[in-house]
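Please examine the sequence and the model shown here.

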Amino acid sequence: MSATDEHDGQASHSRLPEYFVIAERSLAICRSYEPQIVIDSDHPQRVHAAAFFAKLLRDADAALLLLKLGMVSQARSMLRVAIECEIILAKCCKSPEFCEAYRIVAEQERLRLLKGIRRINPGDFNEVKDVINEEMVNKLADALRGAPEKKLEQWASEVGMGTLYQTGYRLYSADVHSGVRCLQHFLTYDQSGIPSEINWRPAEIDCRVELTEVSRVALNGLSLAGNLFGLTHDEAFKQHVADHHRLEELVEQ
């Protein structure tokens, strides 16, 4: 990390102390419940849900770290990853049979990978291609024929997260896919609105939305996992949630 990046991150952190505190506190609270989330291999739904929740927290951790460094676009990319994990966690917690569907999705992704490797130019990755023979690919394709594909938007709708998918998930997708909304931060415009210079280190001062999203993702993940594992909350937790909602409302004003 360069001195400039470090300075930008510290400046961003000092400008929005309350919002950084709420995000850090939400993650710390979620971590405090880890000892209560105990899995049993005889209950695959809980095994998957716990793993999804663990990944969601690391995604949120990564987004917060990037925000501290002033890397807001990259934080949005991680938030999009976290929201996808949140939707999958919700689907897992709601549907015990989802584990089998998730296994099929993983096999479909493996099939696409195998097909992709076999399409690589002749002479490249020959040793790998020898292992991934056509018979193997065809056998997997036959086994998956007719199986439903992964449809995140449909899953989101089924667990009551359709609005989240159409708003936060789609908005943050611009940073994942380097869309116009993201790219404009990396340009400087003159008075006529024409790009005049490259902005190598965008300094986005207001990242309150992203910080409250880190907090929301973590708390909602805890709520989803908590319902499945029978977790209970004290008054201090309820007060923290109220503080989170207060900051969310301030951002929306």
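The model is predicted: local features need pLDDT of at least 70, side-chain atom pairs count only at pLDDT 80 or more, and totals for chains, interfaces and linings use all residues. Residues are numbered from 1 along each chain as its sequence is written, and side-chain values use heavy atoms, with hydrogens and water left out.

In soluble globular proteins, nonpolar side chains tend to be buried together. A nonpolar core is here a set of buried Ala, Val, Leu, Ile, Met, Phe, Trp, Tyr and Cys residues joined through side-chain atoms within 4.5 Å; buried means under 20% relative accessible area, exposed over 50%, and partly exposed in between (1.4 Å probe, protein chains only). The largest such core has 59 residues, and Leu211 and Val214 have the most contacts inside it. Among the elements that give two or more residues to this core are helices H2 (17-32), H4 (72-94) and H12 (235-252); helices are DSSP runs (H or I, at least four residues) numbered from the N terminus. H4 supplies the largest share, 12 residues. A second, separate core of 7 residues includes Leu111 and Leu140.

Contact means heavy atoms within 4.5 Å. Leaving out residues up to four places away in sequence, leucine 211 touches Leu16, Tyr19, Phe20, Ala23, Leu64 and Leu67. Leucine 27, in helix H2, counts as buried because its relative accessibility is 4%.

Threonine 212 lies in helix H11 (residues 208-229) and is buried, at 5% relative accessibility. A polar atom of its side chain lies 2.9 Å from the backbone oxygen of valine 209.

Rings of Phe, Tyr and Trp (its six-membered ring) pair if their centres lie within 6.5 Å; planes under 30 degrees apart count as stacked, over 60 as edge-to-face and the rest as tilted. By this rule there are 5 aromatic pairs. Tyrosine 33 and phenylalanine 237 form an edge-to-face pair, 6.3 Å centre to centre with 80° between the planes. Tyrosine 33 lies in the loop between H2 and H3 and phenylalanine 237 in helix H12, so this pair ties together parts 204 residues apart in sequence. Both tyrosine 33 and phenylalanine 237 are buried. The pair of phenylalanine 98 and tyrosine 102 is tilted, because the ring centres are 5.9 Å apart and the planes are at 40°.

Key: Polar contact = N/O pair within 3.5 Å; in protein donor to acceptor, adjacent residues only side chain to side chain.
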